[in-house]
Amino acid sequence: MAGAMDATNISGALVQAMQAGAAVRGTTSPNPPVGAVILSATGDVVGRGATQPVGGAHAEVMALRAAGEKARGGTAVVTLEPCAHTGRTGPCATALIDAGIARVFYLHPDPTPQAGGGAQALAAAGVEVGRLTAPDGVEDAVRAWLRAVKLQRPHVTLKFAQTLDGFTAAADGTSQWITSPEAREWVHADRARRDAIIIGTGTALADNPSLTARCSDGRLREHQPRRVVIGKRDLQAAGEKASHLQQLGFEQYDTIEGALDELYTSGARDVLVEGGAGLAQSFIEAGVVDALAAYIAPILLGQGRGILANAVAHTLADAPRFTTVRTTSLGPDVLVEYEARNER
């Protein structure tokens, strides 16, 4: 039975593992952004690692490399059950066994038939295995990947900026800027953590967006998401705008279903919808919104453009409902993140 200090060490290691996984979110797809921490036999953190881009080492192997011989007799804390198969890399369960790890604790079981079974392999080798519960307030970067694998389509987050009374633009159409520089910088950091950003043809033609993930000084961030446009309108008819979109490498699909199918097949697991009210409405009506990212500014308009183009429910009983996951203060604004009630 683990003592109080031991439990504290494991809990702290889980937080560090989750932070390591969150730090590589957006760079690992189609693999999950897993984090791992190795504790020595005396309970000290001796190794920390995260999943590398496709073809690179998994989190457990990175953490074991950092730990070296100090891993022997120690404990591994991982955000996803260690894999038990050989793909581009060898089985992580085997790597842990070979390193002499005595105990493994993981947050989520691996749902994939080809990679699952790591816990059983570890137990069969005499390694103590246990499940952990995610602490409140710490980003669980694996959840979007788990949802995507379950549904065989990318996890979809609908993002919008709004006033306190729910408007995304004033009555005269002005919308720049509803939110503060701090919120906009957070948006760019979030873009770099996604596999793709999706807009509609209306937004593409009206705003001519770049959809890049930039630093506060204007430099491009190291990871750039794919840029996707959904809609049947011909972007070629937009002249210079079409040329700009082509230079940026935009992908265009006629339908939401077609876009999500192709994105998943080509490796995307976590996407962000940044389109206008019409596209937001279409995603809600299609039932494929898994999460919301609502940037709320301390502004009142009383009239203007709403988040959605039309009603999606005519009675409260039929309204889509979400659960609050996390609230973050961004200068004068607040980011509230939600997940769909049926997400779990």
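## Overall fold

The model is predicted. Its chain holds ten helices and 15 strands. The radius of gyration is 22 Å, close to the 20 Å that the globule rule gives for 344 residues, so the chain is as compact as a globular protein of that length. The C-alpha trace spans about 65 × 45 × 40 Å along its principal axes.

## Burial and contacts

Of the 344 residues in the chain, 48% are buried. Here buried means under 20% relative accessible area. Contacts reach across the sequence. Take those between residues at least 6 apart: 73% of them join residues at least 24 apart.

## Surface and charge

Charged side chains number 31 positive and 36 negative. The centres of the two sets lie 1 Å apart.

## Helix α6

Helix α6 runs over residues 181–191. Its buried residues are Ala183, Val187, His188, Asp190 and Arg191. They cover an arc of only 160 degrees around the axis, so they sit on the same side of α6.

Strands contribute to the cover over these buried residues. Included are β6 (155–162) and β8 (196–200). β11 (270–273) and β12 (291–296) also take part, as do β14 (322–330) and β15 (333–340).

Definitions and conventions: Residues are numbered from 1 along each chain as its sequence is written. This is a predicted model: local features need pLDDT of at least 70, side-chain atom pairs count only at pLDDT 80 or more; totals for chains, interfaces and linings use all residues. Side-chain values use heavy atoms; hydrogens and water are left out. Helices (H or I, at least four residues) and strands (E, at least two) are DSSP runs, numbered from the N terminus. The radius of gyration is taken over C-alpha atoms; the globule rule is 2.2 Å times the number of residues to the power 0.38. Buried means under 20% relative accessible area, exposed over 50%, partly exposed in between (1.4 Å probe, protein chains only). Contact means heavy atoms within 4.5 Å. Lys and Arg count as positive and Asp and Glu as negative; His and the chain ends are not counted. The place of a charge is taken as NZ of Lys, CZ of Arg, CG of Asp or CD of Glu. The arc is that of the directions from the helix axis to the C-beta atoms.
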